[in-house]
Amino acid sequence: MRWQGRRQSGNVEDRRGSSRGGLVAGGGIGAIVIAVIIYFLGGDPSQVLDMQQQTGQQQQMSPEQQAAEAAADSLVRVVLAETEDVWNKQFAQMNQQYQEPKLVLFSGMVQSACGGASAASGPFYCPADHQVYIDLSFYDELQNKLNAPGDFAMAYVVAHEVGHHVQNLLGISEKVQAQRSRLSEAEYNKLSVKLELQADFFAGLWAHHTSKLQNVIEPGDIEEALNAANAIGDDRLQKQSRGYVVPDAFTHGTSAQRMYWFKKGFETGDIRQGDTFNSAQ
């Protein structure tokens with residue numbers, strides 16, 4: 001993916017622990033004192049202590065690890081900017097105004113309007129605050145644990161989460177959520193799968209249009225995205241973790257389904273072709 005030197009989005013909030021936060025720069029007892037003061041003022045001291053812990057973790061990174069994380073940081077900022085270009089244009093064609101999401105970089109743990117989450121849960125989108133959350137260590141996990149290397153594999157992940165933001169703006173997520181109390185867990189899981197597959201379609205649609213607008217896609221990039229979609233299919237992940245597959249517990253779709261819908265989005269570039277809720281596929 002030709003991403004170096006391109007525009008980086010300004011809609012990024014960096015919550016990784018570092019000295020630029022100011023308050024925890026001194027570390028040690030200073031952070032504890034500040035946390036106590038925040039507690040008595042009615043705030044949440046855990047955020048300060050988390051930042052202190054993260055700062056220590058970052059300081060222990062090798063120069064190679066720091067360089068790799070800096071590259072991943074720049075990559076996701078560029079990809080976010082590319083999604084802004086594509087979806088602003090798509091929404092304008094629908095006579096709507098696209099509201100650009102914010103991307104939050106975190107390390108280890110993070111608090112969102114949807115609750116707390118850890119890096120182990122992977123990248124996610126919170127519809128309550130219109131924000132995408134990513135721990136950059138997921139880039140390393142894609143390459144080394146899921147066997148899905150490549151810059152475009154990570155780009156696909158960012159575009160997928162932005163796809164959830166698009167669903168939120170279009171009212172699709174709300175309609176699915178409204179069904180939660182009316183359906184069994186297995187039935188609701190099927191709706192969740194369709195929601196995830198549509199986000200995969202939107203990621204493919206982004207790839208289709210960004211390749212025309214910006215000429216960022218290189219030979220092999222789409223294969224990297226398809227490989228990533230294959231690596232994080234419910235059936236494959238369940239097989240790896242449990243040794244067997246439970247279809248009723250699927251919430252994101254099989255590897256084949258995820259690859260199919262990303263590829264359909266990339267090949268058509270037509271948002272009207274992404275109705276996963278009424279498709280037989």
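Reader: What volume does the second largest pocket have?
Author: This is a predicted model: local features need pLDDT of at least 70, side-chain atom pairs count only at pLDDT 80 or more, and totals for chains, interfaces and linings use all residues. Residues are numbered from 1 along each chain as its sequence is written, and side-chain values use heavy atoms, without hydrogens or water. A pocket is an open set of points on a 1 Å grid over the protein atoms alone, where a 1.4 Å probe fits, with protein on both sides within 12 Å along at least five of seven lines. Counting the space filled by probe spheres set on points joined across faces, edges and corners, the second largest pocket has a volume of about 480 Å³.

Reader: Which residues lie nearest the centre of the second largest pocket?
Author: Lining residues have an atom within 4 Å of a point. The pocket has 25 of them. Nearest its centre lie Glu69, Asp135, Leu136, Ser137 and Asp140.

Reader: Which elements give two or more residues to that lining?
Author: Helices are DSSP runs of H or I, at least four residues, and strands are runs of E, at least two, numbered from the N terminus. The elements that give two or more residues are α2 (46-59), α3 (63-93) and α4 (137-144).

Reader: In what order do the four strands of the open sheet lie?
Author: Two strands pair if DSSP finds at least two bridges between them. The pairing here is mixed. β1 (12-14) and β5 (124-126) are the edge strands. The order is β1-β2-β6-β5.

Reader: Which residue in β2 is the bridge partner of Val12?
Author: Three bridges join β1 to β2 (residues 102-106), and the two run parallel. The partner of Val12 is Leu103.
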